Amino acid sequence: DLNEKRGAVMIELRANAKINLFLDILAKLPNGYHSLFMVMQSVSLADIVTVSENGEGIIRLTCSEPALPTDSKNIAYRAAQAFLEEAGLVGRGVDIHIEKHIPFEAGLAGGSADGAGVIVGLDRLFKTDMGTQKLCDIGLKIGSDVPFCISGGTMLSQHTGGILSCLPPLKSCFVVLAKPATGVSTARAYGDFDSANYIYHPNKVGMLDSAANADFEGICRHAGNVFEQTIEVPERVRIKSIMRRCGSSLAQMSGSGPTVFALFESESDAEKCRDELENSGLVKSVHLCKTAERGVESVNEV
């Protein structure tokens, strides 16, 4: 992951997206945040994050997606600020480039993945060797999904995202990600949840027991996402119907949406599902990828 570019060291990393196999909201906290119980899984759809030192004393962020901000409104920019401050390197200039592949505002933690890639990349660039826990602590300051995106794999994430517990890896399988045209505001999603009259909470004990025992069928049986009860994504029912007809083991919304994912044990079934969704008129984008064992990987580790 070290390349020579114009004489400067350049770190290039894959920042993987995530899906929620399980998402329950336990309570709204006094500070306005929510206490969550989530089983999260990295997938191989990734943004490519490149970091290098520029010698100009500024953070300079560029992105292949022109719709995204390149200043402090971008998590990746704030991740660089937080890392440099924590490392005592304020004033060292860095160039960051993000090649976007993860759809944004999709419930796939694309922004958090970029932030994770920047933090891990700068740790390598400056050889600070902080260790995963310290990097996750920095990540939590800028976003609740960033610590998971740094660690990755299959994990239980609790409270506001800073309490992570390793789970046995999910059985390697194929993942179809379908993002409808409908957009979802995360802030509004939580607001709608808070004002809902009745919420059915999925079985946390059943899910955790299945995940702890790497029971794939049990995980699929106990999977759930409370946001599906309060967030209206008109295309979701029909997308799930196609996924199930193609033989998915699980079809569910990720995060606060609107992306719906499906797990497949068979690659040909997953390809059939992707092709049907592409021709359905229901989705803005569809991706076929696999489960991943890490959140951030060197480009040559694919």
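**Salt bridges and a buried phenylalanine**

Modeller: In this predicted model, R245 and E276 form a salt bridge, with their closest N and O atoms 2.7 Å apart.

Biologist: Which helices do R245 and E276 sit in, and how many residues apart are they?

Modeller: R245 belongs to helix α8, residues 236–245. E276 belongs to helix α9, residues 267–278. The pair therefore links distant parts of the chain. The separation is 31 residues.

Biologist: Is R245 buried or exposed?

Modeller: Exposed means over 50% relative accessible area. R245 has 56%, so the label for R245 is exposed.

Biologist: What about E276: which accessibility class does E276 fall in?

Modeller: Buried needs under 20%, and exposed needs over 50%. E276 has 24%, so E276 counts as partly exposed.

Biologist: Why can such side chains pair at all?

Modeller: Their charges are opposite. They can pair because their charged atoms come close. The requirement is closeness of opposite charges.

Biologist: How many salt bridges does a search of the whole structure find?

Modeller: The search covers the whole structure. A pair counts when the nitrogen and oxygen lie within 4 Å. The total is 18.

Biologist: Which residue forms a salt bridge with R60, and in which strand is that residue?

Modeller: The closest N and O atoms of this pair are 2.9 Å apart.

Biologist: Which residues are linked with K100 in a network of salt bridges?

Modeller: A salt bridge joins a Lys or Arg nitrogen to an Asp or Glu oxygen. K100 supplies the Lys here, so its linked residues are D47 and D114.

Biologist: Now to F227. Is F227 buried or exposed?

Modeller: F227 is found in the loop between β9 and α8. Buried means under 20%. F227 has a relative accessible area of 1%, so F227 is buried.

Biologist: How far is the C-alpha atom of F227 from that of S256?

Modeller: F227 touches several residues, including L23, Y190, F193 and S256. Along the chain, F227 and S256 are 29 residues apart. Their C-alpha atoms are separated by 6.0 Å.

How values were computed:
Residues are numbered from 1 along each chain as its sequence is written. This is a predicted model: local features need pLDDT of at least 70, side-chain atom pairs count only at pLDDT 80 or more; totals for chains, interfaces and linings use all residues. Side-chain values use heavy atoms; hydrogens and water are left out. A salt bridge is a side-chain nitrogen of Lys or Arg within 4 Å of a carboxyl oxygen of Asp or Glu. Helices (H or I, at least four residues) and strands (E, at least two) are DSSP runs, numbered from the N terminus. Buried means under 20% relative accessible area, exposed over 50%, partly exposed in between (1.4 Å probe, protein chains only). Contact means heavy atoms within 4.5 Å. Lists of a residue's contacts leave out its neighbours within four places in sequence.
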